[in-house]
Amino acid sequence: MLKVTHKLFISISLLSIVFTTNTIASSNITDLKITLAKPTFVLPAFSGPYSEREATIAPEEYETAERLKTLLDNGQEAEVLKELEGYYDLELSPAMLTLKAQIYFSLKQFTKAEKTFLAVLSRKPQLVRVHRDLGQLYLIQEQYKLARHHFSEAIAFGSNDAMVHGQLAYLNLKLYGAFSAITSYQQAMALQPEEVQWQQGLLIALSEAKMYESAQALLAQLIEKNPADKELWLNQAVLAIDSNNMKQALASIEMAILLGDDTGNNLKTAAQLHLQMHSYDRALVLISQHLDKSALDMVMLNEYLIWLKQARMWQQADKLLVNLADKVNKMSVNEQSIYFNHKATIANQNKQYQKAKNYYQTALEKNPTNGDALINFAFFSVEREDFIIAELLFNRAEVLPAKAKQALLGKAQLYLDKQEHQAALSVLQKAYGRFPDLHYLPEQMQIIKSIIRTESKTTS
Amino acid sequence: MKKTIVAIIAALSLSACQSTTETTQTTIDCTNDWNTVGYEVALSGKSVRTFNRYEEQCQSALTETAKSNYLDGYTKGIVEYCTYEKGFDRAESGLPDNQICPFELRKEFERGYIAGGRALVEKKDQVRKQAELADARQAQKSGGLK
């Protein structure tokens, strides 16, 4: 009677380890990820000097400007540059100097373009267009703080250009978070309501700022206008997940998939959501679709198999592995070992014990240090009362740091099953020495000691 | 009387010509502080292209940073130079508009230059009237003696 109670104690402890593993796996399930397109910006094409409003050319430059305009119209930018470089910068009006900077920019001579733009601004700091161009120059050079400074200067000096507002918003989002971006994106959208990049940016900013209602309202409007835009559906899925509305999230991702989205992460998230909602058949279709589409990723496969096992979908898990059988030879030996370990677990579940044993052996032949296979095979052997093999497997697993705790506790349980209390005590002492976080062990060791004392009294 | 007027105007004009000739013939120390040189060139109302002559004179003796230092100094100097007062002084001295002010700084300088030009005309007019008066007195004196 006493012995049974002790055994129960240890069993509960071991179960707690298994439970912890499952909890981690479960928490992975809730970690849903959807891949969205990143907010973007588009650089406008070089548009020449004559569209500017803020700077005028000097009267004596009119003739030259007309000639240069003709050259520019013919795409002879280098010729124009040659002529402008014949002047000292101070001899050129800020307008002509701006043209020179713009040509450097369009010819990708960024250092010269930056220097020349700055020279213009040192003479006329309020030139909105120059701030805008310089901001764009810094933006493509990924000097975001400088870019942001010049876009904000452009706005401070009265720019009402959607591009400037949108780019400032993009940089604010990048540098200072969502709240600082919302107003600028709204301003850009007010000026260019149909521009996708502002819509997308505002949506992201609103979502990141957790202003879900506003984001949802904007999204609903956009979806109504563009029902075939899968990105919008994905955005809606993200919002739904953030608002913990999993049904809507799933419906939205499914819509995106229907519209042709086959991004791995999104297929995976859809499968996860289906599993959570017990629509297993669809989950399996999505998992298969994902696995067929991508190069075989064992981490991903492992994750899927763990989900299916948690849902006790052994048959489906087996089907998944059967479908991958063709790819096994192309796997590395380590991957093959993982594959056979899963096959063994499923065979065991299906009570095909000989098959399971063969699969475990194959898994360990492929990779003798596959900790999962060692532990699973050891427990399998304990269940089959093949204690010698089990002990051997636990010993092998014990040297793997990631599996040492499980191996020591498994071995202790094995000795208790065999009523080898002294050996069990010694293993538990070793386990507690290595893993002091196993705070329940001292009490159990105490009980085992008292059993040993009782046994020795009985035998003497 | 005409001789007196011509002599005064010639004297006014000659002072301007002399100063121009003086500056253009200056030789330069190629190891100069080019920032200061630029600054002084601008303040003296000379063109930014003055540096071309320094380049010709110094050639390889010029350091890599000479030109940019010169331009930095010149840029600073030209902002101080291109004012109403300098324009006024230049015109009042009878010097031609040197047209060295950058477009955005030109307005005030030109306003001063026009005002200075008017002042010069008035000055010349005054001188002419004084000369005429002196001539008239001289003629009166000579007639009385007769």
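How many helices and how many strands does the secondary structure of chain A come to?

1. Overall make-up of chain A. The model discussed here is a predicted one. In chain A, the secondary structure amounts to 24 helices and zero strands. Chain A has 460 residues, of which 40% count as buried. Among the contacts in chain A with a separation of 6 or more, 51% are accounted for by residues 24 or more positions apart.

2. Helices H5 and H6 of chain A. Helix H5(A) covers residues 110-123 and helix H6(A) covers residues 128-140; their axes come within 10 Å and cross at roughly 155°. Since an angle over 145 degrees counts as roughly antiparallel, H5(A) is therefore roughly antiparallel to H6(A). The crossing in which H5(A) passes H6(A) is left-handed.

3. Residues between H5 and H6. From H5(A), the residues Phe110(A), Ala113(A), Glu114(A), Phe117(A), Val120(A) and Leu121(A) meet Val130(A), Asp133(A), Leu134(A) and Leu137(A) of H6(A). This contact of H5(A) with H6(A) consists of eight nonpolar residues, no polar residues and two charged residues.

4. Helices H8 and H10 of chain A. A second pair is formed by helix H8(A), residues 162-176, and helix H10(A), residues 196-208, whose axes come within 10 Å and cross at roughly 30°. Because of this angle, H8(A) is roughly parallel to H10(A). H8(A) passes H10(A) in a crossing that is left-handed.

5. Residues between H8 and H10. On the H8(A) side the contact is made by Ala162(A), Gly166(A), Ala169(A), Tyr170(A) and Leu173(A), and on the H10(A) side by Gln197(A), Trp198(A), Gly201(A), Ile204(A) and Ala205(A). By class, the residues of the contact of H8(A) with H10(A) are seven nonpolar, three polar and no charged.

6. Contact between the chains. How many residues of chain B are in contact with chain A? Seven residues of chain B are in contact with eight residues of chain A. On the side of chain B that touches chain A, four residues are nonpolar, one is polar and two are charged.

7. Confidence. For the complex, the predictor gives an ipTM of 0.74 and a pTM of 0.57. The pLDDT of chain B averages 82, and 79% of the residues of chain B score at least 70. Residues 1-25 of chain B, however, have a pLDDT below 50. Beyond near neighbours in sequence, this stretch of chain B has 15 contacts in the model.

Methods:
Residues numbered from 1 in each chain as written. Chains lettered and ligands numbered in written order. Predicted model: local features only at pLDDT ≥ 70, side-chain atom pairs only at ≥ 80, totals over all residues. Contact = placed C-beta atoms within 7 Å. Nonpolar A, V, L, I, M, F, W, Y, C, P; charged D, E, K, R; others polar. pLDDT = per-residue confidence, 0-100. Axes fitted to C-alpha atoms, helices over the stretch in contact; angles between N-to-C directions. Helix = DSSP H or I, 4+ residues; strand = E, 2+ residues; numbered from the N terminus. Parallel < 35°, antiparallel > 145°, perpendicular 65-115°, else oblique. Left-handed = near helix turned anticlockwise from the far one by under 90°. Buried ≥ 20, exposed ≤ 12 C-beta atoms within 10 Å, placed from the backbone.
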